[in-house]
Amino acid sequence: MEEDILKIFAQSVTRYFDTIADGGAALGTPYLGSDNEAAGLGFSAVIGITGLYRGNIYYTAPREKLNALLPHVGESVPDDRLCAELVGEIANTISGNAREHLGGGFMISTPFILEGRDLAVHTAKNAACYILPVSWRQHPSRVLISIQKSPDAP
Amino acid sequence: MKLLIVDDSLIMRRAIERCVSNGRFDEVRIASNGRLAVEEFTRFKPDVVTMDITMPEMDGLTAVELILRSNPRATILVVSALADKATAVEAIKRGASGFLLKPITIESIQEALDDILAN
């Protein structure tokens with residue numbers, strides 16, 4: 001299941017950068033995060049997952065990357081508030097797009113923004129946390145995927 | 001012509017507002033969740049609404065239903081990241097005039113608005 005889910009999120013991330021920034025996103029090899037591993041890169045957003053899956057999806061990126069992306073969404077002035085909004089919108093978009101393959105039972109929350117706060121990997125009971133590195137124009141970012149099928153799932 | 005943009009993301013509201021700043025709309029207003037959208041729809045009486053789905057307080061599909069209950073002729077374009085077919089079908093079933101998948105571009109939002117206004 002892990003491999004399939006990682007592929008789905010890799011597709012979502014690629015689609016986002018293809019649409020917004022004319023491509024250029026390079027995906028690294030996903031790896032398993034260890035408990036309490038520091039994973040935040042400055043601005044992070046978390047999407048809570050409920051329904052047939054349980055867990056969280058995170059997107060984290062440094063200020064420099066988000067400021068470089070802002071002109072691609074029409075914003076010409078670097079701004080921390082817009083960086084926080086953008087990291088939330090990216091987390092929301094890649095999680096929502098994943099429903100194309102995971103279906104409507106993959107229910108997503110609105111994004112919760114963690115700005116300037118450390119983001120550590122917290123591996124939930126029986127749920128691994130995979131980290132997908134995403135590089136765009138030499139700027140790093142990460143998608144953290146920590147979900148498992150709900151006990152109610154068929 | 002009047003447009004109401006409904007999205008909880010400031011980035012998205014500003015992006016859509018820029019996409020439609022070509023003179024087609026005389027007045028544009030915004031709402032950041034479904035509840036505020038329903039209230040603003042009653043006051044503003046827009047010709048077109050762009051509606052996100054995943055929002056706090058009230059989701060977009062519920063807002064679509066309530067708006068159409070008050071004005072069955074309302075024209076609503078749902079703009080959402082939720083990419084499963086069932087969500088798009090549900091939006092149309094509840095009365096939305098169209099569905100546009102995020103991420104959006106200037107061209108995609110303009111084409112989607114062209115389509116629903118032509119119909």
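Modeller: This is a predicted model. Start with the interface: 21 residues of chain B are in contact with 20 residues of chain A.

Colleague: What does the predictor say about confidence in chain B and in the complex?

Modeller: Chain B averages a pLDDT of 96, and 100% of the residues score at least 70. For the complex, the predictor gives an ipTM of 0.93 and a pTM of 0.94.

Colleague: Why is B:Arg29 called partly exposed?

Modeller: B:Arg29 has 16 other C-beta atoms within 10 Å. Buried needs 20 or more and exposed needs 12 or fewer, with partly exposed in between; the value of 16 therefore makes B:Arg29 partly exposed. B:Arg29 lies in strand E2 (residues 27–31) of chain B. Apart from neighbours within four places in sequence, B:Arg29 is in contact with B:Leu4, B:Glu40 and B:Phe44.

Colleague: How far is B:Arg29 from B:Met55?

Modeller: Their C-alpha atoms are separated by 17 Å, and the two residues are 26 residues apart along the chain.

Colleague: How do you know that the buried residues of H3(B) line one face of the helix?

Modeller: The buried residues of helix H3 (residues 60–70) of chain B are B:Gly60, B:Leu61, B:Ala63, B:Val64 and B:Ile67. Seen down the axis of H3(B), they fall within an arc of 155°, so they line one face. On the other side of H3(B), B:Arg69 and B:Ser70 are exposed.

Colleague: What covers the buried residues of H3(B)?

Modeller: The cover includes strand E1 (2–6), helix H2 (34–44), strand E3 (48–51), strand E4 (75–80) and H4 of chain B.

Colleague: Which members of the largest nonpolar core touch the most other members?

Modeller: They are A:Val87, A:Val143, B:Met51 and B:Val78, in a core of 76 residues. Helix H3 (residues 80–97) of chain A gives the most to this core, with eight residues. Take A:Val143: leaving aside neighbours within four places in sequence, A:Val143 is in contact with A:Phe9, A:Val13, A:Tyr58, A:Tyr59, A:Ile94, A:Leu132 and A:Val134.

Colleague: How do you know that E3(A) and E4(A) pair?

Modeller: Pairing needs at least two bridges. Strand E3 (residues 43–51) and strand E4 (residues 53–61) of chain A have seven bridges, in the antiparallel sense, so they count as paired. A:Phe43 stands opposite A:Ala61 in E4(A), and a hairpin joins E3(A) to E4(A) through one residue.

Colleague: How many bridges join E3(A) to E6(A), and how many join E3(A) to E5(A)?

Modeller: Four bridges join E3(A) to strand E6 (residues 112–115) of chain A, running antiparallel; there A:Ser44 stands opposite A:Leu114. Three bridges join E3(A) to strand E5 (residues 106–108) of chain A, also antiparallel, and A:Phe106 in E5(A) is the bridge partner of A:Gly51.

Terms used. Residues are numbered from 1 along each chain as its sequence is written. Chains are lettered from A and ligands numbered from 1 in the order in which they are written. This is a predicted model: local features need pLDDT of at least 70, side-chain atom pairs count only at pLDDT 80 or more; totals for chains, interfaces and linings use all residues. Two residues are in contact if their C-beta atoms, placed from the backbone, lie within 7 Å. Helices (H or I, at least four residues) and strands (E, at least two) are DSSP runs, numbered from the N terminus. The arc is that of the directions from the helix axis to the C-beta atoms. pLDDT is the predictor's confidence in each residue, from 0 to 100. A nonpolar core is a set of buried Ala, Val, Leu, Ile, Met, Phe, Trp, Tyr and Cys residues joined through C-beta atoms within 7 Å.
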